Amino acid sequence: MYDIKALYEAASVAEAIRLLQEHPRAQIIAGGSDVLVQIREGRRAGAELVSIYGIDALRGVTFDGEGAIRIGSLTSFSHIAASPIIREKIGVLGEAVSLVGGPQIRNIGTIGGNTCNGVTSADSASTLLAWDAVVELTGPEGIRRLPIRDFYIRAGVVDLRSAELQTAIIIPKAAYEGYFGHYIKYAMREAMDIATLGCSVNVALSDDRKTIRDARIAYGVAGPVPMRAPSAEAAAVGRPVCADTVAAFARAVLSDIHPRDSWRAARAFREHIAVELARRALTKSIELAGGALDG
Ligand SMILES: Cc1cc2nc3c(=O)[nH]c(=O)nc-3n(C[C@H](O)[C@H](O)[C@H](O)COP(=O)(O)OP(=O)(O)OC[C@H]3O[C@@H](n4cnc5c(N)ncnc54)[C@H](O)[C@@H]3O)c2cc1C
């Protein structure tokens with residue numbers, strides 16, 4: 001049923017890198033919720049796998065010395081949603097990953113797998129983009145870090161070099177402090193469905209809560225990879241907190257996104273939904289930040 005040629009199990013990051021170097025055709029497997037489905041469907045027949053699932057050092061949510069939030073790449077969605085750090089500082093990420101699949105998938109699926117698969121509909125991805133997350137990659141040359149927006153190259157392809165693995169996702173303190181966010185997943189069903197469109201917004205308001213100090217918006221399924229909408233962000237930053245600003249922000253997303261027709265939804269429908277989700281997600285984020293649209 002599962003056509004697997006070999007499975008190598010790594011007990012440490014160093015061992016994983018060594019195994020990947022020794023077996024250059026091998027693919028990393030973490031929770032396996034994508035990889036095993038692909039193997040069962042015959043898309044990776046005769047696969048060689050390097051399992052990183054036993055590397056406990058890659059699990060957990062912690063603060064680093066500078067107040068950045070560090071999420072180990074093997075951390076499951078259930079773990080993230082229950083983490084006190086996530087709940088207190090970036091609750092929207094916990095909400096977003098609570099919309100992944102069903103309970104079994106959320107227990108086994110990891111945030112590393114959800115970002116390294118390069119899939120535009122991944123529920124964690126747009127929220128991580130909206131948090132200006134940084135991806136940590138460890139390989140034979142050592143550790144490198146890059147903004148998550150640069151990690152995505154094209155549909156299904158991320159910037160992972162030979163024998164490299166993703167070891168953490170980091171949300172810098174400056175990216176979350178004072179920000180409030182909301183994620184909306186538009187799907188055909190309430191549960192166990194991939195997003196037709198996902199929209200994540202973060203906002204920071206001025207001290208008197210009358211002005212939008214900063215706004216970030218990111219989408220899944222609005223293009224081949226998860227993406228930000230910079231025109232919308234520019235239309236909101238420095239503007240008063242009011243319905244006109246929210247409407248201008250939402251309209252502007254159409255300058256940035258380029259969804260496609262698929263069996264799930266037509267391009268025109270996705271564009272329509274994108275504007276509406278932007279409006280709702282910014283409105284909710286403003287509310288969470290203590291602002292009010294009616295004055
Ligand atoms: C029934 C079902 C429902 C689902 N519903 C949703 C949903 O609603 N929303 C959603 O976003 N996803 C959904 N998924 C997809 C899936 O659960 C996620 O993509 C999951 O996060 C993958 O994590 P994993 O640990 O299982 O990855 P794996 O399957 O182990 O790996 C996925 C990919 O990432 C690579 N990889 C994994 N970890 C690393 C690492 N640390 N470094 C480098 N490469 C790595 C692997 O080589 C592979 O290419 C669903 C899947 C199933 C089977």
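**Domains, ligand shell and a helix pair**

Mentor: The protein splits into domain 1 (4-51), domain 2 (56-174) and domain 3 (179-288). Keep in mind that this is a predicted model.

Trainee: How far apart are the C-alpha centres of domain 1 and domain 2?
Mentor: Those centres are 20 Å apart.

Trainee: And how many residues are in contact between domain 1 and domain 2?
Mentor: Eleven residues of domain 1 are in contact with 17 residues of domain 2. On the domain 1 side, helix H1 (residues 13-22) gives the most, with five residues. By class, that side of domain 1 has seven nonpolar, three polar and one charged residues.

Trainee: OK, switching to the ligand. How many residues surround it, and which are the closest?
Mentor: The ligand is surrounded by 30 residues, and the closest are Gly31, Gly101, Gly112, Gly113 and Asn114.

Trainee: Which elements give two or more residues to that shell?
Mentor: Strand E2 (27-29), helix H2 (35-40), helix H6 (103-108), helix H7 (111-116) and strand E10 (165-171) do. The largest share, four residues, is from H7.

Trainee: Which domains does the shell draw at least three residues from?
Mentor: Domain 1 (4-51) and domain 2 (56-174) each give at least three residues to the shell around the ligand.

Trainee: How do the shell residues divide into nonpolar, polar and charged?
Mentor: There are 15 nonpolar, 13 polar and two charged residues around the ligand.

Trainee: Last topic, H12 and H13. At what angle do they pack?
Mentor: Helix H12 (residues 243-252) and helix H13 (residues 267-288) pack at about 140°, and their axes are 8 Å apart. H12 is therefore oblique to H13.

Trainee: Is the crossing left-handed or right-handed?
Mentor: H12 and H13 cross in a right-handed sense.

Trainee: Which residues make the contact?
Mentor: From H12 they are Val246, Ala247, Phe249, Ala250 and Arg251, and from H13 they are Val275, Ala278, Arg279, Leu282 and Thr283. By class, the contact of H12 with H13 has seven nonpolar, one polar and two charged residues.

Methods: Residues are numbered from 1 along each chain as its sequence is written. This is a predicted model: local features need pLDDT of at least 70, side-chain atom pairs count only at pLDDT 80 or more; totals for chains, interfaces and linings use all residues. A residue is near a molecule or strand if its C-beta atom, placed from the backbone, lies within 6 Å of it. Ala, Val, Leu, Ile, Met, Phe, Trp, Tyr, Cys and Pro count as nonpolar, Asp, Glu, Lys and Arg as charged, and the others, Gly among them, as polar. Domain bounds come from an automatic or database domain assignment. Axes are lines fitted to C-alpha atoms, for helices over the stretch in contact, and angles run from 0 to 180 degrees between N-to-C directions. Angles under 35 degrees count as roughly parallel, over 145 as roughly antiparallel, 65 to 115 as roughly perpendicular and the rest as oblique. A crossing is left-handed if the near helix is turned anticlockwise from the far one by less than a right angle, and right-handed if clockwise. Two residues are in contact if their C-beta atoms, placed from the backbone, lie within 7 Å.
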